[in-house]
Amino acid sequence: MSDTIAPSARRRKHGGTAKPPKAPKAASLWSDAWHDLRHRPLFIGSAVLIAAILVIAAFPGLFTSVDPLNAASCDLAKARQPMSGAHFFGTDNLGCDVYARTLYGARNSIVVGLSTTIVTAVVGGLVGLVAGFKGGAVDTLFSRITEIFFAIPSILGALLILAVFRTGNVWTVTLALAVLAWPMTFRIMRAAVITAKSQDYVVAARALGASAPRIMFRHILPNAVAPVIVVSTINLGTFIAAEAGLSFLGVGLRSPDISWGLMISDARERFLEAPAPLLFPALFLSLTVLAFIMLGDAVRDALDPKLR
Amino acid sequence: MGRYIIRRLIQAIPVLLGATLLIYAIVFALPGDPIAALAGEKRMDPNIVAILRDQYHLNDPFIVQYWYYLTGMFGGDFGKTFAGVPVTDLMAGKFQVTINLAVTALVLEAVIGIGLGLYAALRRGRPADSLILASTLVLISIPTLVTGFVLQLLLGVKLKTAGIDLFPIAGVTEGWRSYLLPGFVLAGVSIAYLTRLTRTSLAETLRADYIRTAVAKGLPRRRVVGRHALRNALIPLVTFLGADLGTLMGGAVITETIFNLPGIGQQLFSSVHLREQSVVVGIVTVLVLVYILANLVVDLLYAVLDPRIRYE
């Protein structure tokens, strides 16, 4: 995540200097934010944690020789063993290695979190951009539609949508979460666009004869995207938690897929006598969510000092 | 005031219609045949199937079914389950559990959240403030799923073996005490948000001119903070709490599952699997109504908290 901020900040800086009146201020927001971020312990801590999680998610095989996707790696005779040199986190009810399963579970969490964030940011952001810019009937229509989505409790709504699919995998979970989450991005983008729309540089661009798409994407979008980035980063953590919750309820990922929520659900029956198979995925889940929420906090403080 | 309430209620109608239509359509799209599921493994007499299908309007097109449902609902009739029980009867007991849970959570949230936020705001920049801020960050990050099981293990089991039996860990057999632990678990993330919100809101109010005036008049600190600052800082907090009631009720399903509470979350879960449209839509409709009404009450409370706010 830390790398994605830097290049975009620089790109915006160059794009921004070409604009007449407000440009220097808009450009300095991004470079200021990056400069500010690099010196925040909160940002450095979360970036290190996220980097570690991403490495585990991408190459879990680097850290364990056990392949939990292979059913032969489990030995029912060795169920619920305590922590040992052979099994760092012990074994679960089916005799599978909890350490290996926890590491392999990272990928699905990250994939659901990232893809849901991207879908909601792109869909909510684009619809919000168009609705805020066009105003009138388009705006009214989409605003009413989002009101309906806001009134539906999200975890129950996701549960319903997933029940329609019957199969649960990372893509159906992504879809279910994104359907219910895009209205939030929509509202934030729309509000930011409406504020940006009346600025002098937009009036100037219009006076110079810029087309509507050009005004939207070159002038308004770079100046309205900051709050969306902040909310998306924080939401990434909550999407990961939501995936675990849905998998725990039995409508998210299903076995043989590995998911922290599913591991918690499986370990639940014997939890009081053998807590390790539940506590370790729970710890990794909490750390991952913490990392993204910390990052979101740091990015928000850097981008909008007023919100602190 | 009266006209404002009526206008708000009228504005809520499209939201209610849209939400029920959406949920009805999703349940309509669920795979499987509810009547076949009713019979289980046995083959049903085709005549009985035909009668049942007719009785539940299952042969009509989607929009006609929805119309039947809607007209019934406005007359207070939420329909019957496929087992013949009126949905309102079924929901009443389940909602009681979830309301108890959500209200316990809301009270814990208000007391702990505002208390901690107040303490932090009055000690801004000191170690206590930093400690509270850091712990809110951690509390926000730990999913309900994790707090639920960890607290169940620590408070329910470890403490009990140590001889201190404070919190029942499952079921609803011990009255309001049964709801304490699940209520806290459900409120967890909200407590953290409310603490932060209280701290920010109060810190801002404490900088206002009228606070300086109150201090300059020589009012005791307790009165300055309680009467002048807290009351004015309360508006965003009330908004948050009001909006949170609906969130807590709708988000209770995981907590209900962990603590074995027979609430609406669990009911919805099993009804989705049985494809009981009337129950699923009924539950969601009531939740949408709670959301709309809670927001309305919050808006009306503004005028009580801040006399400068007038409606119309």
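1. Core residue B:Leu145. Leaving aside neighbours within four places in sequence, B:Leu145 is in contact with residues from both chains: A:Ala244, A:Gly245, A:Phe248, A:Gly261, A:Ile264 and A:Leu285 on one side, and B:Ile254 and B:Ile258 on the other. The model is a predicted one, and this applies to every point below.

2. Nonpolar cores. B:Leu145 and A:Leu285 are the residues with the most contacts inside the largest nonpolar core, which has 132 residues. Helix 12 of chain A, residues 276–303, supplies the largest share of this core, namely 17 residues.

3. Fold of chain B. The secondary structure of chain B consists of 13 helices and zero strands. Along the principal axes, the C-alpha atoms of chain B fill a box of roughly 85 × 60 × 30 Å. Of the 312 residues in chain B, 45% are buried. When contacts in chain B between residues at least 6 apart in sequence are considered, 75% of them join residues at least 24 apart.

4. Record annotations for chain A. An unreviewed UniProt entry places the feature "domain: ABC transmembrane type-1" at residues 106–296 of chain A. In the model this span is 83% helix and 0% strand, with its end C-alpha atoms 20 Å apart. The UniProt annotation "transmembrane region", also from an unreviewed entry, covers residues 42–63, 110–133, 145–165, 171–189, 224–253 and 278–299 of chain A. Two of these spans may be set beside the model. Residues 145–165 of chain A are 90% helix and 0% strand, and their end C-alpha atoms lie 23 Å apart. For residues 224–253 of chain A, the corresponding values are 83% helix, 0% strand and 35 Å.

5. Extent of the interface. How many residues of chain A are in contact with chain B? The count is 40 residues of chain A, in contact with 40 residues of chain B. The area buried between chain A and chain B is about 3,500 Å², and carbon and sulfur atoms give 83% of this area.

6. Polar features of the interface. Between chain A and chain B the model has one salt bridge. It joins A:Asp297 to B:Arg196, with the closest N and O atoms 2.9 Å apart. Two residue pairs are in polar contact between chain A and chain B, both at pLDDT 80 or more. On the side of chain A that touches chain B, two or more residues come from each of helix 5 (136–151), helix 6 (154–165), helix 10 (226–249), helix 11 (260–267) and helix 12 of chain A. Helix 12 of chain A gives the largest share of that side, 11 residues.

7. A:Thr288. This residue is found in helix 12 of chain A. Is A:Thr288 buried or exposed? A:Thr288 counts as buried because its relative accessibility is 1%, the cut-off for buried being under 20%. Apart from neighbours within four places in sequence, A:Thr288 is in contact with A:Ile53, A:Ile110, A:Ile240 and A:Trp260.

8. Salt-bridge network. Over all chains, the whole structure has nine salt bridges. A:Arg40, A:Asp297, A:Arg300, A:Asp301 and B:Arg196 are linked in a network of such bridges.

9. Salt bridges within chain B. B:Arg199 forms a salt bridge with B:Asp129, and the closest N and O atoms are 2.7 Å apart. B:Arg199 lies in helix 8 (residues 180–205) of chain B and B:Asp129 in helix 6 (residues 127–141) of chain B, so this pair ties together parts that are 70 residues apart in sequence. B:Arg199 and B:Asp129 are both buried. A further salt bridge joins B:Arg212 to B:Asp209, with the closest N and O atoms 2.7 Å apart. B:Arg212 and B:Asp209 are separated by about one helical turn because they are three residues apart in helix 9 (residues 209–216) of chain B. B:Arg212 and B:Asp209 are both exposed.

Technical notes:
Residues are numbered from 1 along each chain as its sequence is written. Chains are lettered from A and ligands numbered from 1 in the order in which they are written. This is a predicted model: local features need pLDDT of at least 70, side-chain atom pairs count only at pLDDT 80 or more; totals for chains, interfaces and linings use all residues. Side-chain values use heavy atoms; hydrogens and water are left out. A nonpolar core is a set of buried Ala, Val, Leu, Ile, Met, Phe, Trp, Tyr and Cys residues joined through side-chain atoms within 4.5 Å. Buried means under 20% relative accessible area, exposed over 50%, partly exposed in between (1.4 Å probe, protein chains only). Helices (H or I, at least four residues) and strands (E, at least two) are DSSP runs, numbered from the N terminus. Contact means heavy atoms within 4.5 Å. UniProt positions are given in the numbering used here, feature names are shortened, and annotations may be inferred rather than shown by experiment. Buried area is the accessible area (1.4 Å probe) that two parts lose on being put together, summed over both. A salt bridge is a side-chain nitrogen of Lys or Arg within 4 Å of a carboxyl oxygen of Asp or Glu. A polar contact is a pair of N or O atoms within 3.5 Å; within protein, one must be able to donate a hydrogen and the other to accept it, and residues adjacent in sequence count only if both atoms are side-chain atoms.
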